[in-house]
Amino acid sequence: MDGIRWDLLFNPELAWESLPFVMSGIGYTLLISIVSMAAGLVLGFFIALARTSKFGILSWPARTYISFMRGVPILVILFLLYFGMPVIGVQIPAVNAALIAFSINSAAYIAEIIRSSLSSVDKGQWESSKALGLTYWQTMYGVVLPQSVRIAIPPLGNVYVDIIKATSLAAIITVPDIFQRARIVGGREFDFMTMYIVVALIYWGICSLMTVFQNYLEKRYEEYL
């Protein structure tokens, strides 16, 4: 313990001076996380419907997709899109590759959340709606979805927090997000420890704000649903 240089652990001056440069990459972090979550919700909803379909031609491809995306690291998907696709003559810009990778990956997790949330609604709701003459989509949007949303909010919030943290991997394919910019400063100043602590605090702050918003949504739906 006597040989540890605690004075080199964190440089407040460097952290403060480099903060504007690091924060200039937050736009990419938020862009990738928000767009990926939105796209994942849309894709995940239809994948969930296919997953629960009685027709094997729909359910089995959905099952396979979910299994594959949940079983393959997101970093591998990023590399396949950014470094692999050029092999067949398709060049995908780094930001686009990140958007696609996080969207299709999150869709698999979201699909399972939506599927379990829809399944938690009592089957009597479907039967009652059918007796009233409602169509499948009328029942889905007017009866089932409003009830399942409250159940899905906590796990969906967790998925979004995971996406925010995982966006740091986009720096590996040269996306200039906050982590990539922190690495640049760390390499220039030969002080990666300070910059990694700074970027850790930034991610913590973003995720904390998301958690507050998630708690607000949960309370709101508990009150009105």
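Student: Which helix is Tyr136 found in?
Tutor: Tyr136 belongs to helix α7. Helices here are DSSP runs of H or I with at least four residues, strands are E runs of at least two, and both are numbered from the N terminus. Before we go on: this is a predicted model, where local features need pLDDT of at least 70 and side-chain atom pairs count only at pLDDT 80 or more, while totals for chains, interfaces and linings use all residues. Residues are numbered from 1 along each chain as its sequence is written, and side-chain values use heavy atoms, with hydrogens and water left out.

Student: Which residues make the nonpolar surface patch?
Tutor: Val42, Phe46, Tyr136, Trp137 and Tyr141 make a nonpolar patch of about 550 Å². Patch residues have over 30% relative accessible area and no salt bridge, with nonpolar side chains (Val, Leu, Ile, Met, Phe, Trp, Tyr) joined within 5 Å and like charges within 9 Å. The areas come from the Shrake-Rupley method with a 1.4 Å probe, and for residues only the protein chains shown count as cover.

Student: And which helix gives the most to that patch?
Tutor: α7, with three residues; α2 and α7 each supply at least two.

Student: Switching to pockets, how much space lies in the largest pocket?
Tutor: About 570 Å³. Of its 22 lining residues, Met37, Leu41, Ile153, Leu156 and Leu217 are the closest to the centre. α2 (26-51), α5 (94-120), α7 (136-166) and α9 (192-224) each give two or more residues to that lining, and the largest share, eight residues, is from α7.

Student: How do you define a pocket?
Tutor: On a 1 Å grid over the protein atoms alone, a pocket is an open set of points with protein on both sides within 12 Å along at least five of seven lines, whereas a cavity is a set where a 1.4 Å probe fits but cannot get out; lining residues have an atom within 4 Å of a point. Points are joined across faces, edges and corners, and the volume is the space filled by probe spheres set on them.

Student: How does the lining of the largest pocket divide into nonpolar, polar and charged?
Tutor: There are 18 nonpolar, four polar and no charged residues. Ala, Val, Leu, Ile, Met, Phe, Trp, Tyr, Cys and Pro count as nonpolar, Asp, Glu, Lys and Arg as charged, and the others, Gly among them, as polar.

Student: What about the second largest pocket, which residues lie nearest its centre?
Tutor: Thr52, Leu118, Ser119, Trp126 and Tyr136, out of 15 lining residues. That pocket holds about 430 Å³ of space, and its lining divides into nine nonpolar, three polar and three charged residues.

Student: How many salt bridges are there?
Tutor: Five, counting a side-chain nitrogen of Lys or Arg within 4 Å of a carboxyl oxygen of Asp or Glu. One of them pairs Arg70 with Glu112, with the closest N and O atoms 3.7 Å apart. That pair links distant parts of the chain, 42 residues apart: Arg70 is in helix α3 (residues 56-71) and Glu112 in helix α5.
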